[in-house]
Amino acid sequence: MLLRQLEYLVALARERHFARAADACHVSQPSLSAAIRKLERELGVAIVLRGHRFAGLTPEGERVLQWAHRILAECDALRHDLSTMRESLSGVLRVGAIPSALTAAPLLTTPFCERHPHTRISLESLSSREITRRLAEFELDIAMTYVDDEELGNVRVTPLYEERYLLLTPNDGELADRQLVRWSEVASLPLCMLTPRMRNRRILDKIFADAGVTPVPAIETDTVSALYAHVGTHRWSSVIAHAWLHMFGTPEGMRIVPLERPTYSPQIGLVVADRDPEPILARALLDLTRDLDVRSELDRVLHDHLASSQHAG
């Protein structure tokens with residue numbers, strides 16, 4: 001059994017199409033199909049449900065896929081472990097981040113690359129549910145997400161910061177001159193927010209519900225950048241997480257106003273699957289966080305933007 005055969009199987013399960021899987025593996029479709037048939041012969045089981053097109057995996061194929069993920073992850077861990085013996089980490093650190101935490105990722109990824117110049121980082125924006133699945137299936141090494149999410153499963157957690165919320169509103173908005181805004185007041189504004197399938201939005205909906213109101217945003221989007229593009233037109237307001245200020249700041253003609261503190265503040269952190277050995281590069285990133293203070297840096301950014309908004313007022 002060759003590792004390459006397992007890589008082909010993982011690609012096929014991901015793409016659910018023989019031609020796309022072959023393209024992803026940079027081989028011809030006949031070569032990929034032949035390799036998977038050879039794998040079936042070596043294991044003595046049918047792996048793929050075949051018809052005119054890919055129809056899925058057999059129950060035995062699903063079990064082989066689980067082992068393929070595990071074996072390939074262990075192979076990567078071996079390479080990384082050997083690289084540490086050369087006193088220079090190398091390889092690709094696969095990171096997933098929820099959109100609301102993605103803006104703070106450079107606070108970790110930049111110093112990581114500076115400390116380990118022979119490594120590379122693959123950073124993807126993913127939902128919290130997708131992060132849970134991909135950690136379990138060895139498709140991610142580490143993730144930035146809400147660490148109090150009950151759906152995370154068996155993971156090891158390293159807290160980074162608590163999410164704080166602000167009203168982002170036009171300078172001439174009806175609540176722009178306030179020192180503190182209630183959630184019940186925000187619900188009546190023309191709003192742009194993330195979609196309900198995003199964990200951030202579900203958290204905000206719960207906070208609004210606790211205040212006895214239900215927001216009905218005029219615009220919903222699944223990216224923070226699109227949200228900022230809309231509020232930048234000065235026609236909409238939004239509730240933003242303070243970490244977004246690190247990347248997007250306060251758009252010209254807009255102002256941030258503190259919102260009353262909710263009963264709890266969701267916590268963002270790093271999570272890795274609870275298994276041994278930990279991915280070497282994931283451990284290196286966790287070690288780095290001991291020398292960083294993400295919480296203080298984001299608080300500093302928040303303080304500066306609040307001061308600028310008050311001065312503008």
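Author: Contact means heavy atoms within 4.5 Å. In this predicted model, residues 24 or more positions apart account for 73% of the contacts with a separation of 6 or more. Residues are numbered from 1 along each chain as its sequence is written. Local features need pLDDT of at least 70, side-chain atom pairs count only at pLDDT 80 or more, totals for chains, interfaces and linings use all residues, and side-chain values use heavy atoms, with hydrogens and water left out.

Reader: How many helices and strands are there in the protein?

Author: Helices (H or I, at least four residues) and strands (E, at least two) are DSSP runs, numbered from the N terminus. The protein has 13 helices and 12 strands. Its C-alpha trace spans about 70 × 50 × 30 Å along the principal axes.

Reader: At what angle do the axes of helix H6 and helix H12 cross?

Author: Axes are lines fitted to C-alpha atoms, for helices over the stretch in contact, and angles run from 0 to 180 degrees between N-to-C directions. The axes of H6 (residues 106-115) and H12 (residues 280-289) cross at roughly 110° and come within 10 Å. H6 is therefore roughly perpendicular to H12, a term for angles of 65 to 115 degrees.

Reader: Which residues make the contact?

Author: From H6 come Leu108, Pro111, Phe112 and Arg115, and from H12 come Leu281, Ala284, Leu285, Leu288 and Thr289. For classes, Ala, Val, Leu, Ile, Met, Phe, Trp, Tyr, Cys and Pro count as nonpolar, Asp, Glu, Lys and Arg as charged, and the others, Gly among them, as polar. The contact of H6 with H12 thus has seven nonpolar, one polar and one charged residues.

Reader: Is Ala284 buried or exposed?

Author: Buried means under 20% relative accessible area, exposed over 50%, partly exposed in between (1.4 Å probe, protein chains only). Ala284, found in helix H12, counts as buried because its relative accessibility is 9%. Ala284 touches Leu89, Phe112 and His116, not counting residues up to four places away in sequence. The C-alpha atoms of Ala284 and Arg115 are separated by 9.6 Å, although these residues lie 169 residues apart along the chain.

Reader: Which residues are buried in helix H7, and what covers them?

Author: In H7 (residues 128-136), the buried residues are Ser128, Ile131, Thr132, Arg134 and Leu135. Their cover includes strands S3 (91-97), S4 (119-125), S5 (142-146), S6 (155-162) and S12 (267-273), together with helix H9 (199-210). Just after H7, Phe138 takes a positive phi of about 65°.

Reader: What percentage of the protein's residues is buried?

Author: Of the 313 residues, 48% are buried.

Notes. Parallel < 35°, antiparallel > 145°, perpendicular 65-115°, else oblique.
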